[in-house]
Amino acid sequence: MHVVIAKPLRTFARQALNTMPEPRPPAPNDIRLRKILDDTLVPPRWPEGFVMRGFEAADALALHTLLTTVFDDGADGPFDEWWPRISSDAEFDPALCFLVIDGKGRLAGAALCWTRAFVKDLAVHPEARGRGIAEALMWHVFTAFHARGAAHVDLKTNTVENAAAVRLYERLGMFEVDWAG
């Protein structure tokens, strides 16, 4: 069975330089989920033939392509607009962007996180789904933020559009909290 994993809700683009848009209200069925970072954390188990590595600036185009393929919602816009917006965001830290590479060197999955212990995007390429990549990425995210001293990790998703992802998140011990956090 293939499970379509993932999209935490996308952050909308800045409307002007150095200006964040007004926070948008939740759409129907949008929820915010939280994982408390405690002694229940387990090390990620990477599927055979896949490895996790950190992000480098040279990976930006491949990451944008993956996000565009997985989400197909047009929210990111073209790469030439997306990368400057992401890389200059105060919440962006390349050390919090985790990539999963397949045996042929292709980007199979990614978790792009903000510094406030928030999963902005979790994406697994359609050809790589059903192997446990999203679960391993989330355990890695939890471990990384725990090492940084965070008490919890949050993400936003939609219970209808991402029902399989919600099941994964709940299996990982995430639970619903107030939309505003």
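# Backbone, rings and fold

User: At 40% relative accessibility, into which class does Asn29 fall: buried, exposed or partly exposed?
Analyst: This is a predicted model, in which local features need pLDDT of at least 70 and side-chain atom pairs count only at pLDDT 80 or more, whereas totals for chains, interfaces and linings use all residues. Residues are numbered from 1 along each chain as its sequence is written, and side-chain values use heavy atoms, with hydrogens and water left out. Buried means under 20% relative accessible area, exposed over 50% and partly exposed in between (1.4 Å probe, protein chains only). Because its relative accessibility is 40%, Asn29 counts as partly exposed.

User: What is the phi of Asn29, a residue other than glycine?
Analyst: Asn29 is placed in the segment before β1 (30-36), where strands (E, at least two residues) and helices (H or I, at least four) are DSSP runs numbered from the N terminus. Most residues other than glycine have a negative phi. The phi of Asn29 is instead positive, near 75°.

User: Which backbone nitrogen does the side chain of Asp89 reach?
Analyst: Asp89 is found in the loop between α2 (79-87) and β3 (92-101), and it counts as buried because its relative accessibility is 14%. Its side chain comes to 2.8 Å from a backbone nitrogen, and that nitrogen belongs to Glu91.

User: How many aromatic pairs are there?
Analyst: Rings of Phe, Tyr and Trp (its six-membered ring) pair if their centres lie within 6.5 Å, and planes under 30 degrees apart count as stacked, over 60 as edge-to-face and the rest as tilted. By this rule the number of aromatic pairs is six.

User: What is the sequence separation of the parts that the pair of Phe55 and Phe92 ties together?
Analyst: The two rings are edge-to-face, at 6.2 Å centre to centre with 90° between the planes. Both residues count as buried, Phe55 because its relative accessibility is 10% and Phe92 because its value is 13%. Phe55 lies in the loop between β2 (51-54) and α1 (60-71) and Phe92 in strand β3, so the separation in sequence is 37 residues.

User: How are the rings of Trp139 and Phe142 arranged?
Analyst: Trp139 and Phe142 are both buried, and, being three residues apart in helix α3 (residues 133-147), they are separated by about one helical turn. Their centres are 5.5 Å apart and their planes at 85°, so the pair is edge-to-face.

User: Over which ring does the charged end of Lys156 sit?
Analyst: A charge sits over a ring if NZ of Lys or CZ of Arg is within 6 Å of the ring centre and within 35 degrees of the ring normal. The charged end of Arg116 sits over the ring of Phe118, 4.8 Å from its centre. For Lys156, the charged end is 4.4 Å from the centre of the ring of Trp179.

User: In which order do the elements of the chain run from the N terminus on?
Analyst: The chain has four helices and seven strands, and buried residues make up 48% of its 181 residues. From the N terminus on, the order is β-β-α-α-β-β-β-α-β-α-β.

How values were computed. A polar contact is a pair of N or O atoms within 3.5 Å; within protein, one must be able to donate a hydrogen and the other to accept it, and residues adjacent in sequence count only if both atoms are side-chain atoms.
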